[in-house]
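Here is a walk through one structure, taken part by part. Keep the sequence and the model in view as you read.

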Amino acid sequence: MTTPAIILVYDGDCPVCRNYTQHLSIKQAAGTFELLNARDSPPILQEINALNLDMDEGFVLKIGDQFYHGADAIHTLALLSTRTGGFNRLNFLVFRSKTLSRVLYPILKTGRALLLALLGNSKLNNLENRQ
């Protein structure tokens, strides 16, 4: 039995998103892990758009044929994380709870929007810029 590919699509212009993805460590047994910057318009963005998943509302995680968005994505990533190193342990402790993930994610999303505005970066607007 082969393990599914794990793909995380994030906003590469967001420093917090970029740092989160660079420090995240996924258990090797979970499957191959690929990070994709949504601003590079990877082919998976067409699938994300077809599912009406707004990248400005949260990053997208795809495991096999299953998509996770926003709080569900960060919760699932926490469960798949290695828990090695301070960042991954903290990520697991905070986001292993689906309820806490759903409470905290809107705060993170708002922080991202403010940070992008302060840096002068545009939103992704992936659903408005569909191809």
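A search of the whole structure finds 3 aromatic pairs. Rings of Phe, Tyr and Trp (its six-membered ring) count as a pair if their centres lie within 6.5 Å; planes under 30 degrees apart are stacked, over 60 edge-to-face, and the rest tilted. The model is predicted, so local features need pLDDT of at least 70 and side-chain atom pairs count only at pLDDT 80 or more, while totals for chains, interfaces and linings use all residues. Residues are numbered from 1 along each chain as its sequence is written, and side-chain values use heavy atoms, with hydrogens and water left out.

Start with the rings. A pair of aromatic rings is described by the distance of the centres and the angle of the planes. Tyr20 and Phe59 are stacked, at 5.8 Å centre to centre with 20 degrees between the planes. Tyr20 sits in helix 1 (residues 15-23), and Phe59 in the loop between helix 2 (44-50) and strand 3 (60-63), so this pair ties together parts that are 39 residues apart in sequence. Helices (H or I, at least four residues) and strands (E, at least two) are DSSP runs, numbered from the N terminus.

How buried are these two? Tyr20 is buried, with a relative accessible area of 10%. Phe59 is buried too, at 9%. Buried means under 20% relative accessible area, exposed means over 50%, and partly exposed lies in between (1.4 Å probe, protein chains only).

Tyr20 has another partner. With Phe87 it forms an edge-to-face pair, 5.5 Å centre to centre and 70 degrees between the planes. This pair links distant parts of the chain: Tyr20 in helix 1 and Phe87 in helix 4, 67 residues apart. Phe87 is partly exposed, with a relative accessible area of 31%. Tyr20, Phe59, Phe87 and Tyr105 form one aromatic cluster.

Now turn to a helix pair. Two packed helices are described by the angle between their axes and the distance between the axes. Helix 3 (residues 71-80) packs against helix 4 (residues 85-95) at an angle of about 125 degrees, with the axes 8 Å apart. Axes are lines fitted to C-alpha atoms, for helices over the stretch in contact, and angles run from 0 to 180 degrees between N-to-C directions. That makes helix 3 oblique to helix 4. Angles under 35 degrees count as roughly parallel, over 145 as roughly antiparallel, 65 to 115 as roughly perpendicular, and the rest as oblique.

Which residues meet? From helix 3 come Ile74, His75, Leu77, Ala78 and Leu79; from helix 4 come Asn91, Phe92 and Phe95. Among the buried ones are Ala71, Ile74 and Leu80.

Ser81 is found in the loop between helix 3 and helix 4. Is Ser81 buried or exposed? At 0% relative accessibility, Ser81 counts as buried. Leaving aside neighbours within four places in sequence, Ser81 is in contact (heavy atoms within 4.5 Å) with Leu24, Ser25, Ile26, Lys27, Asn88, Asn91 and Phe92.

End at Arg112, which lies in helix 5 (residues 98-119). At 10% relative accessibility, Arg112 counts as buried. Beyond neighbours within four places in sequence, its contacts include Asp11, Arg39, Asp56 and Leu124.
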